[in-house]
Amino acid sequence: MSTKTLGYILKRLGLAVLTVWVVITATFFIMHAVPGGPFMSEKATSPAVTAQLEAKYGFDKPVWQQYLTYLKDIVTKFDFGPSTKQRGRQVIDIITDGLKVSAKLGIIAAAIALVVGVVLGAVAALRRNKLIDKVIMVITTALVSMPSFIMGSLLLILFAVKLKVLPANGTTTQGLILPIITLALSPMAYITRLTRSSMLDVLGQDYIRTARAKGVPGMRVIFGHALKNSLIPVITYIGPMLAYIVTGSLVVEQIFAVPGIGRAFVNSIINRDYLLIMGTTIILATLIVIMNLVSDILYKVVDPRITLE
């Protein structure tokens, strides 16, 4: 690894840490600015009980002191505090349990979207203006424009209610099929269009025509030159794609009752579980920052000619 590349990575890591700190700070003060409190409920609570609960969780201290304590606990112990609604459970434990399921959904959905999208995009580019190209473009355009909650609802009605071939509940292994498909469809469609456009541009380059004129086998031209170089824009999209899948899972997990971090986050908002809301937001923001950093570094792996600055 060159000194310049190492310097770029260290600079990006520094920016990532700064970004996470900004997210922590903004989330903390926004949550404390929200009217009401985490102990508001339909059942009236006496002022004495509310005061005891606030003292137990440290909410009776000045906001700046709460912030410094919260920041110190995260940095030194990676501790986001206890849940105010799920009594006896720590926020980090709830997030960890949810991430085990959400990570499985996200990784499988991302892998499917990437593989299928690249293959369909390459096929569409090699069969430009043919029937298969037009069919792929029509389908992918429809999938890109359709929100995940609508797609999830349609799949749920079709396969779980009408055909009854898949369960509607995402608590079982078989029940994760529909959520995975829902999360993968839109990114897959976008990658297909991105790969097609990029590959058409690469196929028109001089070095591709030169390789063909020299008698290089067609498959070697496609896979050794055209496809490899056309993947650079796709790699650019990997970070945002993973971010989309993570944030998209918030609604999808709720639709299919998947016990992941998305469902825990939505429930924490409904229940006004402030510490869980802040912890989940920070973890999701950190994951997105890491994903974007990894995608930037992958540029250099795919194409050594790219200079990281």
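Mentor: In α6, Ser148, Met151, Gly152, Leu155, Leu156 and Phe159 meet Leu178, Ile181, Thr182 and Leu185 of α7; contact here means heavy atoms within 4.5 Å. By class, this contact has seven nonpolar, three polar and no charged residues. In that scheme, Ala, Val, Leu, Ile, Met, Phe, Trp, Tyr, Cys and Pro are nonpolar, Asp, Glu, Lys and Arg are charged, and the others, Gly among them, are polar. The model is predicted: local features need pLDDT of at least 70 and side-chain atom pairs count only at pLDDT 80 or more, while totals for chains, interfaces and linings use all residues. Residues are numbered from 1 along each chain as its sequence is written, and side-chain values use heavy atoms, with hydrogens and water left out.

Helix α6 covers residues 148-162 and helix α7 residues 177-203; their axes come within 9 Å and cross at roughly 145°. The axes are lines fitted to C-alpha atoms, for helices over the stretch in contact, and angles run from 0 to 180 degrees between N-to-C directions. Helices are DSSP runs of H or I with at least four residues, strands are runs of E with at least two, and both are numbered from the N terminus. The protein has 12 helices and zero strands.

The loop between α6 and α7 holds leucine 176. Leucine 176 counts as buried because its relative accessibility is 8%; buried means under 20% relative accessible area, exposed over 50%, and partly exposed in between, with a 1.4 Å probe and protein chains only. Setting aside residues up to four places away in sequence, leucine 176 touches Lys104, Leu105, Gly170 and Val258. Leucine 176 and glutamate 253 are 77 residues apart in sequence, yet 9.6 Å apart in space, C-alpha to C-alpha.

The structure holds three salt bridges.

Technical notes. Salt bridge = Lys/Arg side-chain N within 4 Å of Asp/Glu carboxyl O.
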